[in-house]
Amino acid sequence: MNLHKLIFTSNACYKAGRKINPKGIMIHSTGANNPWLKRYVGPDDGLLGKNQYNNYWNQPMDRDVCVHAFIGKLADGTVATYQTLPWDHRGWHAGGSANDTHISFEICEDDLTDADYLDKVYHEAVDLCVYLCGLYGLTEQDIICHCEGHDLGIASNHADVLHWWPKHGKNMDTFRAAVKDKLRCSAEHTLDNTPSEWSEAAVEWTVKNGLMVGNDNGNLMLRSPLTREQFCVILERYHNRFHLT
Ligand SMILES: [Zn+2]
């Protein structure tokens with residue numbers, strides 16, 4: 001994830017200053033053919049590029065709209081995420097009670113025909129959701145799009161993102177499955193690399209002395225069994241490390 005921060009302190013939503021206890025995430029897409037972040041996020045920070053109309057959302061506006069983040073293109077064409085409200089701020093995105101419960105982000109739409117662009121913003125959105133699930137103890141089950149929010153009676157009648165993603169073989173079920181997969185990987189990674197209290201000092205000493213180096217990904221596999229082969233390698237490292245004769 002390519003996460004940046006530009007909080008919309010000049011938007012009336014930020015000034016309203018209400019907080020929520022996040023219970024879920026609602027995904028939106030903008031409904032306009034303009035994949036550039038600078039359309040919505042500004043002023044230019046050197047990466048966004050200049051919005052020649054100065055009509056980004058970080059200012060007083062004629063409608064009450066504001067989300068917690070945007071995903072779209074930087075000036076150089078790469079895809080990035082901009083956080084635009086504190087995650088526990090009450091956003092103005094759903095036109096319904098989801099404003100009181102859901103963190104929201106907008107994905108900048110293009111003309112909806114570019115599979116490569118959708119693939120990039122889709123995976124950026126997966127990473128953002130995995131990150132937010134970690135922050136607030138949420139799971140993939142807590143993620144919906146605006147369209148699903150309407151079906152649940154907590155958002156206004158909009159089609160996003162289901163007027164777009166299915167054109168390219170993606171939908172909210174594939175999205176939740178992708179988030180679930182990454183959450184499982186990151187839980188395993190934590191288990192594999194976070195020692196219990198009773199072994200913490202020994203693990204630190206073992207790693208510091210190069211007796212245990214982990215797998216190709218540097219993953220210590222702390223809760224996996226040891227084979228006799230691996231035991232021999234560790235014995236040899238111990239021997240070499242402490243110059244035993
Ligand atoms: Zn929406």
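Strand 2 and strand 5 run parallel and pair over 6 bridges, where pairing requires that DSSP finds at least two bridges between the strands. Helices (H or I, at least four residues) and strands (E, at least two) are DSSP runs numbered from the N terminus. Opposite Ser-104 in strand 5 stands Met-26. Strand 5 is also joined to strand 3, in the parallel sense, by 3 bridges, and here Phe-70 stands opposite Glu-106.

The model is predicted: local features need pLDDT of at least 70, side-chain atom pairs count only at pLDDT 80 or more, and totals for chains, interfaces and linings use all residues. Residues are numbered from 1 along each chain as its sequence is written.

Strand 5 is mostly covered, with 6 of its 6 residues buried. A residue is buried if 20 or more other C-beta atoms lie within 10 Å of its own, exposed if 12 or fewer, and partly exposed in between, with C-beta atoms placed from the backbone. Both faces of the strand are covered: His-102, Ser-104 and Glu-106 are buried on one side, and Ile-103, Phe-105 and Ile-107 on the other.

The largest nonpolar core has 50 residues, and those with the most contacts inside it are Ile-27, Leu-37, Phe-70, Ile-71, Ala-125 and Cys-129. Such a core is a set of buried Ala, Val, Leu, Ile, Met, Phe, Trp, Tyr and Cys residues joined through C-beta atoms within 7 Å. Helix 2 gives the largest share of this core, 11 residues. Ala-125, leaving aside neighbours within four places in sequence, is in contact (C-beta atoms, placed from the backbone, within 7 Å) with Ile-27, Ile-71 and Ile-107. The buried residues of helix 2 include Tyr-117, Leu-118, Glu-124 and Cys-133. Among the elements that cover the buried residues of helix 2 are strand 2, strand 5 and helix 4.

The table sets out two helices, with the expected span taken as 1.5 Å times one less than the number of residues.

| Helix | Residues in helix | Expected span | Distance between end C-alpha atoms |
|---|---|---|---|
| Helix 6 | 14 residues | 20 Å | 20 Å |

Helix 6 is hardly covered, as the count of buried residues among its 14 residues is 0. Just after helix 6, His-243 takes a positive phi of about 50°. Helix 2 is followed by Gly-137, whose phi is also positive, near 65°.

The domain assignment gives domain 1 (3–188) and domain 2 (197–241), the bounds coming from an automatic or database assignment. The centres of domain 1 and domain 2, taken over C-alpha atoms, are separated by 42 Å.

Definitions and conventions. Contact = placed C-beta atoms within 7 Å.
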